[in-house]
Amino acid sequence: IALTNGTFKLAYDSLTPNTEYALSIVEVGIVKEKQYFQKTFRTKDLGITLEKIYSAEDSLSYKVAFDDNTDVSKVKVTIYDSDGKLVNIDNNDYMVSKDDIDNTFTFSGLKSNTIYSISVETVWINNTAYNNLYSINRIDTTLKKKPVISSVKVVPNAEEVKFTVSLDNIL
């Protein structure tokens, strides 16, 4: 690192948001090391969240919420299957902007009772896209088409004035 006007300048652009780091200045000599300075700091949160709105048999709906003071201008949200492969549907990713009136979107054409991974992989800060530098991931499942219940058992308890309902063999 070059010394300019008695100051060292260190630029590092791959820090993860909302993460604690330690910065140390250490002189490495032939015989020993000497530490001059150590500072612990936490990077600020990006100010975005991915919220599930609903699950259905063939769709999953989400909203990207942007904090008022976030520097993130837009995000790309992508859906993957349980093997980590892009889901083969018409729209398997959405671009959501902080300036959009409605930040909700729905992945449609999905299989029922199936696990999917939804990921915010790209964020734009000051018109610069950052891919896979910071990601928000959710694991969600679509609903079953029709649950099948083979038997319902009700057991009354007159002493405690209550009853117990149990379901067996839910498919």
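Close-up A. Asp 93 is partly exposed, with a relative accessible area of 32%; buried stands for under 20%, exposed for over 50% and partly exposed for values in between (1.4 Å probe, protein chains only). The model is predicted: local features need pLDDT of at least 70, side-chain atom pairs count only at pLDDT 80 or more, and totals for chains, interfaces and linings use all residues. Residues are numbered from 1 along each chain as its sequence is written, and side-chain values use heavy atoms, with hydrogens and water left out. Asp 93 forms a salt bridge with Lys 76, with 3.8 Å between the closest N and O atoms; the term requires a side-chain nitrogen of Lys or Arg within 4 Å of a carboxyl oxygen of Asp or Glu. This pair links distant parts of the chain, 17 residues apart: Lys 76 is in strand S7 (residues 72–81) and Asp 93 in strand S8 (residues 93–97). Strands (E, at least two residues) and helices (H or I, at least four) are DSSP runs numbered from the N terminus. Lys 76 is partly exposed at 28% relative accessible area.

**Close-up B. Salt bridge between Glu 20 and Arg 42.** The whole structure holds four salt bridges. In one of them, the side chains of Glu 20 and Arg 42 meet at 3.9 Å, N to O. Glu 20 belongs to strand S3 (residues 20–28) and Arg 42 to strand S4 (residues 33–42), so the pair ties together parts 22 residues apart in sequence. Glu 20 is exposed at 52%, while Arg 42 is partly exposed at 49%.

Close-up C. Arg 138 and Asp 140 form a salt bridge whose closest N and O atoms are 2.9 Å apart. Asp 140 is buried, at 7% relative accessible area, and Arg 138 is partly exposed, at 24%. Through shared partners, salt bridges join Lys 52, Arg 138 and Asp 140 into one network.

**Close-up D. Aromatic rings around Phe 107.** Six aromatic pairs are found in the whole structure; rings of Phe, Tyr and Trp (its six-membered ring) pair if their centres lie within 6.5 Å, and planes under 30 degrees apart count as stacked, over 60 as edge-to-face and the rest as tilted. Tyr 62 and Phe 107 have ring centres 6.3 Å apart and planes at 65°, so this pair is edge-to-face. Tyr 62 is in strand S6 (residues 59–66) and Phe 107 in strand S9 (residues 104–108), so the pair ties together parts 45 residues apart in sequence. For Tyr 94 and Phe 107, the centres are 5.3 Å apart and the planes at 70°, so this pair is also edge-to-face. Tyr 62, Tyr 94, Phe 105 and Phe 107 form one aromatic cluster.
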